[in-house]
Amino acid sequence: MLIPQTKNIGLPLMNLMRFKGLPILQQLHIEEQLLRTSSENWCIVNDGTNDPTIVMGVSGKPAELLEIESVLDDQVPVIRRFTGGGTVIVDHGTVFVTFICNKEAVPNLQPYPRPIMSWSSSLYSKVFQGIGDFHLRENDYVFGNHKFGGNAQSITKNRWIHHTSFLWDFNVQNMSYLKHPKRAPAYR
Amino acid sequence: MDGLKYANSHEWVKHEGPVATIGITDHAQDHLGEVVFVELPEPGGSVSQGKGFGAVESVKATSDINSPISGEVVEVNSKLSETPGLINSSPYEDGWMIKVKPSSPSELESLMGPKEYTKFCEEEDASH
């Protein structure tokens with residue numbers, strides 16, 4: 001429940017949902033439902049998902065981004081999510097963190113992609129302080145010049161979602177299901 | 001731009017005879033960044049004032065596009081599937097998104113004119 005006085009504190013009041021091993025498809029369903037039908041702010045943390053799953057952004061083309069034969073041979077599930085961004089393969093070693101907010105939740109934050117990402121990266125700067133050289137680099141979360149998570153967003157008329165899949169650990173072999181995207185930041 | 005009406009969600013509408021053309025404003029495209037993908041409805045579908053009818057993708061984000069007026073979609077800009085960047089380079093001309101047969105022309109009166117919209121954008125940018 002939103003407590004009106006919290007608007008004056010400068011930080012959004014959020015409902016926190018924590019899961020462990022929730023299937024990523026279910027997580028995405030919950031996220032889209034909360035984005036479009038709730039009027040409250042939410043933070044979702046999911047510690048790992050079950051089976052390795054490929055998750056593509058709204059405009060991703062499988063033929064360009066996936067090694068389709070291997071994906072089909074090994075029956076790896078492929079999901080298209082409702083947010084933008086690229087393709088990831090997620091499993092039990094991925095930590096998912098999602099913020100779903102009303103447009104007015106963060107004071108002075110314009111509901112556009114770059115300001116939202118700037119806000120989230122300043123939040124994560126505090127999280128990762130002292131752990132590594134964390135920063136936002138060409139819209140990626142990196143330690144130094146190593147990308148360690150994929151992030152994406154969706155913005156509706158009055159709300160926005162910013163979600164991230166952090167590679168706490170990953171199986172190098174699983175990465176072979178993915179092709180390098182045609183357009184990628186030079187630092188990678 | 002003169003002759004256009006504007007919604008507070010940064011879409012424009014140009015009403016010419018029986019058809020109204022809709023797109024997003026220069027302010028919107030500038031804040032969104034490079035558009036890489038556009039999702040639009042099919043002709044024959046309907047749109048409602050203030051409700052989403054499609055989306056654009058930019059900077060890893062999908063952003064809903066909301067219709068400034070209600071009506072029936074009669075034409076969709078097919079060039080945007082191959083060249084979504086037209087929305088950035090020509091938001092009021094080649095980057096138009098849909099053409100609609102308005103069902104309630106009086107809805108246009110609730111929208112902003114050019115000067116009002118310019119002031120709205122300045123106030124919005126100043127407050128953030």
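**Conventions for all views.** In this predicted model, local features need pLDDT of at least 70 and side-chain atom pairs count only at pLDDT 80 or more, whereas totals for chains, interfaces and linings use all residues. Residues are numbered from 1 along each chain as its sequence is written, chains are lettered from A and ligands numbered from 1 in the order in which they are written, and side-chain values use heavy atoms, with hydrogens and water left out.

**View 1. Chain A as a whole, with its secondary structure and extent.** Chain A holds 4 helices and 10 strands, where helices (H or I, at least four residues) and strands (E, at least two) are DSSP runs numbered from the N terminus. Read from the N terminus, the order of these elements is β-α-β-β-α-α-β-β-β-α-β-β-β-β. The radius of gyration is 17 Å, close to the 16 Å that the globule rule gives for 188 residues, so chain A is as compact as a globular protein of that length; the radius is taken over C-alpha atoms, and the rule is 2.2 Å times the number of residues to the power 0.38. The C-alpha trace of chain A spans about 55 × 35 × 30 Å along its principal axes.

View 2. Among the contacts in chain A with a separation of 6 or more, 72% involve residues 24 or more positions apart, a contact being heavy atoms within 4.5 Å. The accessible surface of chain A is about 10100 Å², and 54% of it belongs to carbon and sulfur atoms; areas come from the Shrake-Rupley method with a 1.4 Å probe, and for residues only the protein chains shown count as cover. The 18 positive and 16 negative charges of chain A have mean positions 11 Å apart, with Lys and Arg counted as positive, Asp and Glu as negative, and His and the chain ends not counted. Each charge is placed at NZ of Lys, CZ of Arg, CG of Asp or CD of Glu.

**View 3. The loop that carries A:Pro23.** A:Pro23 sits in the loop between β1 (15-20) and α1 (24-37) of chain A, and its relative accessibility of 28% makes A:Pro23 partly exposed. Apart from neighbours within four places in sequence, A:Pro23 is in contact with A:Thr49 and A:Asn50. The C-alpha atom of A:Pro23 is separated by 13 Å from that of A:Arg81, which lies 58 residues apart from A:Pro23 along the chain.

**View 4. Two residues with positive phi, one in each chain.** A:Asn108, which is not a glycine, has a positive phi of about 65 degrees; this residue lies in the loop between β6 (94-102) and α4 (113-127) of chain A and is exposed, with a relative accessible area of 55%. In chain B, phi of B:His10 is likewise positive, near 75 degrees. B:His10 belongs to the loop between β1 (5-6) and β2 (11-16) of chain B, but B:His10 is buried, with a relative accessible area of 4%.

View 5. Chain B comprises 4 helices and 9 strands, and its radius of gyration of 14 Å agrees with the value near 14 Å for a compact globule of 128 residues. Buried residues make up 52% of chain B. An unreviewed UniProt entry lists residues 19-101 of chain B as "domain: Lipoyl-binding"; such positions are given in the numbering used here, feature names are shortened, and annotations may be inferred rather than shown by experiment. Over residues 19-101 the chain is 18% helix and 43% strand, and the end C-alpha atoms are 5 Å apart.

View 6. The unreviewed UniProt entry lists B:Lys60 for "modified residue: N6-lipoyllysine". B:Lys60 is placed in the loop between β6 (52-58) and β7 (61-66) of chain B and, at 16% relative accessibility, counts as buried. With neighbours within four places in sequence left aside, the contacts of B:Lys60 are A:Gly84, A:Gly85, A:Met117, A:Asn139, A:Asp140, A:Lys147, A:Asn151, A:Ala152 and A:Gln153.

Key. Buried < 20%, exposed > 50% of the residue type's maximum accessible area, 1.4 Å probe, protein only.
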